[in-house]
Amino acid sequence: MNDPLDVPVVLAIAGHDPSGGAGIQADIEAIVSQGAHPATAITALTVQDTINVQRFVPSEPSLVIDQALTVLRDMPVGAIKIGMLGSVEMVEAVATILSRHPDIPVVLDPVLVAGGGGSLGDKAVAAAMVEHLFPRATIVTPNAHEARVLAPKARDAQERGVMLASLGSEYVLVKGGDEPGEKVENWLFGVDPPRRFVYERLPGAFHGSGCTLSSAIAGLIAQGSEPVNAVHEALEYTHQTLMYAAAIGRGQLIPHRLFWADEDTGADMNDEPPGSSRVH
C-alpha cells in the first residue's frame, strides 16, 4: 500500500452545483484526473441545472474558514483552488484562510456568472477579489465576461490581460471560449511575451469548463508541475473533456472529465486531442 502522504492534495473552495456539471463536483473530478486527492470547503448551495442557475445561498463564512483550516491542519495541501464565493464576506473569509498559509500555491477562478448567464457574484464581489485575493493568487483564470468586469477600462483582451496581471497575481490566464470566432484563443500573462494557446472551437455550449480547467491546473501544480506547464497541460486535458462532453441534461453539455476511464471513448490521458493548441 502506498503511503498516503505520497498523494498530493488540492483543497477546492467552491460552491455546490446539484447538476454535477460545475462547482465542487467538477473540481473533484478534474483534481482526481490529475492524480491528486480533492479536499473541499463548500462556499454556497445553489439551485441550478444545465440550463442556468436560479438562486444560491452562501454558506456561513466562519464555517468555510473552519472547514478549510481543519483540512489544512490535517493534510499536506499542495494547492488551493478557489471557485464561486458569491459574497464580499466570503471573499474576506477566504482571504483569512490564505493569510494563514501564504506558501501554498493558489488558483483563483473568479466566478461571477454561470454558464447560462445567471449571476453568481456582483461588482462588489469582483472588487473584493481584486483587493483581497489577486495579490495572494498564483494564477487567476477569468473568462471573457469576468475579465471585462474585473478590468472595465480595458479595450481588448490584450489590454485586459495586462491590466489584470498588474493586480498582484503571478499569472493571469484570460480564457477565450466566450469570445466569437472559429478559434478559441487563451492568453497567459505573467510571461514575456504573453503566450497564446489556440484551439479549434468545438460545437455546443459547456457547463463547468472553467471549473474543470482551474481545478486541473491546481491538481498539476500539486503534483509538482511549474505553473506555465500546468496551464498548458490543463488546457489540453480540458479540451479533451469537451471533445467527449455529454448531453446529460436539457441544456449545456457537461464535460466528460473522466473520459480516460471510459472504455467507450477509447481515449487516454496521453492522447493528443484533435485541434490541440499551438503555443506562441
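Predicted model: local features only at pLDDT ≥ 70, side-chain atom pairs only at ≥ 80, totals over all residues.
Helix α7 crosses helix α8 in a right-handed manner, where right-handed means that the near helix is turned clockwise from the far one by less than a right angle, and left-handed anticlockwise. Residues are numbered from 1 along each chain as its sequence is written, and side-chain values use heavy atoms, with hydrogens and water left out.Helices here (H or I, at least four residues) and strands (E, at least two) are DSSP runs, numbered from the N terminus. Helix α7 covers residues 209–222 and α8 covers 227–243, and the pair packs at about 140 degrees with axes 8 Å apart. Axes are lines fitted to C-alpha atoms, for helices over the stretch in contact, and angles run from 0 to 180 degrees between N-to-C directions. The two helices are therefore oblique to each other; angles under 35 degrees count as roughly parallel, over 145 as roughly antiparallel, 65 to 115 as roughly perpendicular, and the rest as oblique. On the α7 side, the residues in contact include Leu213, Ile217 and Leu220, and these meet a set in α8 that includes Val231, Leu235 and Leu242. Contact means heavy atoms within 4.5 Å. Sorted by type, the residues of this α7 and α8 contact come out as twelve nonpolar, four polar and one charged. Nonpolar covers Ala, Val, Leu, Ile, Met, Phe, Trp, Tyr, Cys and Pro, charged covers Asp, Glu, Lys and Arg, and the others, Gly among them, are polar.

Next come α3 (residues 88–99) and α4 (residues 123–132), with axes that come within 9 Å and cross at roughly 15 degrees. These two are therefore roughly parallel to each other, and their crossing is right-handed. Val88, Val91, Glu92 and Ala95 of α3 touch Ala124, Val125, Ala128, Met129 and His132 of α4. That contact splits into seven nonpolar residues, one polar and one charged.

Buried means under 20% relative accessible area, exposed over 50%, and partly exposed in between (1.4 Å probe, protein chains only). After α1 comes Gly35, with a positive phi near 80 degrees.

Overall, the protein holds eight helices and ten strands, and 52% of its 280 residues count as buried. Among contacts between residues at least 6 apart in sequence, 68% join residues at least 24 apart.
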